[in-house]
Amino acid sequence: MLELKTTGGSQIEMQDILPMVDMRQVLFSIFILMLVIAALLLSGCHQDDDSSENSEPADDDDVADDDTSDDDTVADDDTIADDDTFPDDDDDDTADDDSCLQPGADCTLGETAADAGIFVGAAVPSDPEDPRLSLVSAHFNSLTAENAMKWGELSYHLGDYDYTTADALLAFAEDNGLRVRGHALVWGKYPGHGYPADLETLIGQSPDPYAFVQTAIADHVATVVGRYAGRIESWDVVNEPLSSVGTQFDPNPFYLAMGADYIAAAFMAAREADPDARLFLNEYFLVYDTPKTDALLDLLEDLLAQGVPIDGVGIQGHLFVSEPLPERLHRFLTAIEALGLDIELTELDVAKNVLWDDMLNGQTLFEAQADAYDLLAAACFDVASCTGLTVWGIDDSRTWLDELFPFNLFAPNNPLLFDRDLAPKPAYFAIRERIAEAFSR
Ligand code: GLA
């Protein structure tokens, strides 16, 4: 069993982060922590797998050049669909048949999630022809476009939209009965990817930056949410409004022009464009009991007090450090739930650098990883308001962690639920069992 320490505390403390197994490991961990913090502070957190392509407009060909296209371990659609790990995939499971929650049930993760009334999804690359999409339709009941619905990917130049990839991924999801989480309407990182490449120049040329950004957000949100109204079940309306650590807002172009008002503006426009979509604020945390978590709770209280139409909080869940996860995460999720908000774990992955050999206690790396996923899933489904979780990728052959410094120092990170042969890993079964256990009580 992976051991995660359980100390209290309200800061990011060294003893919370370091495994403290031996001096070599402590020193190595300090080195890694410094790299991670440096990268987070310098780059404002983490970047996408295909962010290197972000200097150009989104384009299917570009995206198809990712490392899946030449991955000859990728089987053809039939092979994936015929995966005999799940010989009795019950396509005939109905909404009122919860047999997948019974002990020993032979169901996919998606079928189990559906019987539990929750969502388990995967983030998918911007290639509607990627054969691994059939793995998603076979094993999950929810899909997030990893990049294709981000503002700068839809609209490299402000106001100039190309929906080709987003439309195709949405059609794929609908054809396969997958719920869609829209990600992400307003994200203040990475020009040409998170937001239009020319946005900052245009703001700089405007005599009234506040009004300019207010209009840009209102137009973008109305355009995209309006286009997909009734088809996207939930949206990440604002992504990463807070700084990497501490209690400040992220000093992104939206914040610099409008202060925190940009957050309310985005949510109000989204509610108007699709009154039925659930609207989420999505954020990441290194540790779940810090000034940053307090700052998020304060922000949520403020937004709710102002009547801002926010329905839920997405906790990204990239697991960077071996922190005392269960208690802290549980407290944090309970505090969010107490505000009357839904919760989803939106971008789960468990990087190799939190699973040191010395911590394995005789387990394989993938077994320890399964325990870490299990802890995350258990924390989520322990609170009634947690409506789902999404893993940030499909299989280990392609993950942003293998591409962005300093995480790429540990490549292959192998952080996902399927291995490079597209076989489900222990983490897949751990989450499935956790859901069955949590929802059959
Ligand atoms: C953040 C964003 C995601 C993705 C990841 C890593 O978490 O919300 O869209 O870009 O970074 O790639």
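Which cysteine does a disulfide join to Cys-100? The partner is Cys-107, with the two sulfurs 2.2 Å apart. Before going further, a word on the ground rules: this is a predicted model, where local features need pLDDT of at least 70, side-chain atom pairs count only at pLDDT 80 or more, and totals for chains, interfaces and linings use all residues. Residues are numbered from 1 along each chain as its sequence is written, and side-chain values use heavy atoms, with hydrogens and water left out.

Back to the cysteines. A disulfide here is a pair of cysteine sulfur atoms within 2.5 Å, and by that rule the count is two. The link of Cys-100 and Cys-107 is left-handed, with -85° about the S-S bond. Both Cys-100 and Cys-107 are buried, where buried means under 20% relative accessible area, exposed means over 50%, and partly exposed is in between (1.4 Å probe, protein chains only). The other disulfide is formed by Cys-380 and Cys-386, with their sulfur atoms 1.7 Å apart. The link of Cys-380 and Cys-386 is left-handed too, at -45° about the S-S bond, and both of these cysteines are buried. Number the bonded cysteines in sequence order and the pairing reads 1-2, 3-4.

Cys-386 also leads us into the sheet. It belongs to strand 9 and stands opposite Ile-343, a residue of strand 8. Helices (H or I, at least four residues) and strands (E, at least two) are DSSP runs, numbered from the N terminus, and two strands pair if DSSP finds at least two bridges between them. Strand 8 and strand 9 (residues 386-391) run parallel over four bridges. Strand 6 (residues 312-315) pairs with strand 8 as well, again in the parallel sense and over four bridges. How enclosed is strand 8 by the rest of the structure? Largely so, because eight of its nine residues (342-350) are buried.

Another strand residue worth a look is Thr-144, which sits in strand 2 (residues 142-145). Thr-144 counts as buried, at 1% relative accessibility. Contact means heavy atoms within 4.5 Å. Leaving aside neighbours within four places in sequence, Thr-144 touches Ala-122, Ala-123, Val-124, Arg-181, His-183, Thr-390 and Trp-392.

Now for a helix. Helix 12 (residues 261-273) has 13 residues and reaches 19 Å from its first C-alpha to its last, close to the 18 Å expected at 1.5 Å a residue; the expected span is 1.5 Å times one less than the number of residues. The buried residues of helix 12 are Tyr-262, Ile-263, Ala-264, Ala-265, Ala-266, Phe-267, Ala-269 and Ala-270. Which elements do these buried residues pack against? They meet strand 3, helix 10 (209-227), strand 4 (234-239), helix 11, strand 5 (278-283) and helix 13 (291-305).

That leaves the aromatic rings. Rings of Phe, Tyr and Trp (its six-membered ring) pair if their centres lie within 6.5 Å; planes under 30 degrees apart count as stacked, over 60 as edge-to-face and the rest as tilted. By this rule there are 15 aromatic pairs. One of them, Tyr-161 with Tyr-163, is stacked, at 5.4 Å centre to centre and 5° between the planes. Tyr-161 is partly exposed, with a relative accessible area of 22%, while Tyr-163 is buried at 14%. Tyr-195 and Phe-254 make an edge-to-face pair, because their ring centres are 5.9 Å apart and their planes stand at 75°. Tyr-195 lies in the loop between strand 3 (179-187) and helix 9 (199-205) and Phe-254 in helix 11 (residues 253-258), so this pair ties together parts that are 59 residues apart in sequence. Tyr-195 is buried, with a relative accessible area of 3%, and Phe-254 is buried at 1%. Elsewhere, ring pairs link Phe-140, Phe-418, Tyr-428 and Phe-429 into a cluster.

Rings also meet a charge. A charge sits over a ring if NZ of Lys or CZ of Arg is within 6 Å of the ring centre and within 35 degrees of the ring normal. The charged end of Lys-292 sits over the ring of Tyr-284, 3.9 Å from its centre, and over the ring of Phe-285, 5.5 Å from its centre.
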